[in-house]
Amino acid sequence: MEGADVHGDVSVDALTLAQELSGTGAVAASADIAEYALRLGDDALILSQQLGAWISNAPELEEDVALGNIALDLLGHARSFLHYAGSFDGRSEDDLAFFRDEPEFRCAWIVQQPNGDFAQTIARQFVVATFMFELYSALRTSSDETFAAIAEKSLKEVDYHRDHAVQWMLRLAGGTEESRTRIIRAIGDVWPYVDELFRDDDLIERLGDAAARPSTLRPGFDAVVETVFAQAELDDVLGSLILAKGAASSAGGRQGKHATPLGHILAEMQVLARRHPGASW
């Protein structure tokens, strides 16, 4: 019929933000809770942005999809944490993602490290996903109901992220001489940034049972690393990393002190929102 809408009714009901995100409630975050939520949200946000760069660039089509899906999962985690952080002072998740400057971010240095080649990304992903699995496992019993709810949902997704990284660690280590050389080099490159993930500080002390104490997560992390390295016949590599413990980066991401790469990541991530502030799509 002339003039009729051939597509039919394609409208959707608008969802409130609280319906979209896990762990959202009526209780606003305190200053310390908001700061901790920023740490968790910024880690997930920046890693999501990094993994998104592999879409159309991964070594095979299935990896384009897999890394894209992992990036979307992490973006969902980031939204939940940033939404909660913003409840402290009335900022939205978009305000926190797009309109903070570099010193205001609280992400660890490891998520800021360049993608490099595929082995570099997998080594970074293995470390971060293994850490996040331990983190969310602990946060499920947080005295803060919002953190507990976000962790409960996120853990199921991070379990897949970790398994994906483990399978690629084994595949690269057991593949060609070139792939093994690259994953060994990549492990050495990311390892100096591991210790920062497990450092306790004054904020953790103040939060008590609301937070997951980073230092308590290290034994579970180390157990997974030891198992995977043994399966990949990389025991000698792990031994070298342990002996080189003094080479750990001083880092400082939790205090807003960042390495050069974060500035480039934020410039790309924030350019559209800053060029068209207030725009909606």
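Analyst: A residue is called buried when its relative accessible area is under 20%, exposed when that area is over 50%, and partly exposed in between, using a 1.4 Å probe and protein chains only. By that rule, both Tyr84 and Phe147 are buried.

The model is predicted, so local features need pLDDT of at least 70 and side-chain atom pairs count only at pLDDT 80 or more, while totals for chains, interfaces and linings use all residues. Residues are numbered from 1 along each chain as its sequence is written, and side-chain values use heavy atoms, with hydrogens and water left out.

The chain has 11 helices and zero strands. Helices (H or I, at least four residues) and strands (E, at least two) are DSSP runs, numbered from the N terminus. Of the 281 residues in the chain, 50% are buried.

There are 12 aromatic pairs in the structure. Rings of Phe, Tyr and Trp (its six-membered ring) pair if their centres lie within 6.5 Å; planes under 30 degrees apart count as stacked, over 60 as edge-to-face and the rest as tilted. One of the pairs is Phe81 with Phe147: the ring centres are 6.2 Å apart and the planes stand at 50°, so this pair is tilted. Phe81 belongs to helix 3 (residues 61-86) and Phe147 to helix 6 (residues 145-173), so the pair ties together parts 66 residues apart in sequence. Phe81 and Phe147 are both buried.

Phe147 also pairs with Tyr84, in an edge-to-face arrangement with 5.4 Å from centre to centre and 80° between the planes. This pair, too, links distant parts of the chain, with Tyr84 in helix 3 and Phe147 in helix 6, 63 residues apart.

Elsewhere, one aromatic cluster is formed by Phe126, Phe131, Trp191, Phe198, Phe221 and Phe229.

Some rings have a charge over them, meaning that NZ of Lys or CZ of Arg is within 6 Å of the ring centre and within 35 degrees of the ring normal. The charged end of Arg100 sits over the ring of Phe105, 4.0 Å from the ring centre. Arg162 lies over the face of Phe133, and here the figure to the ring centre is 3.8 Å.
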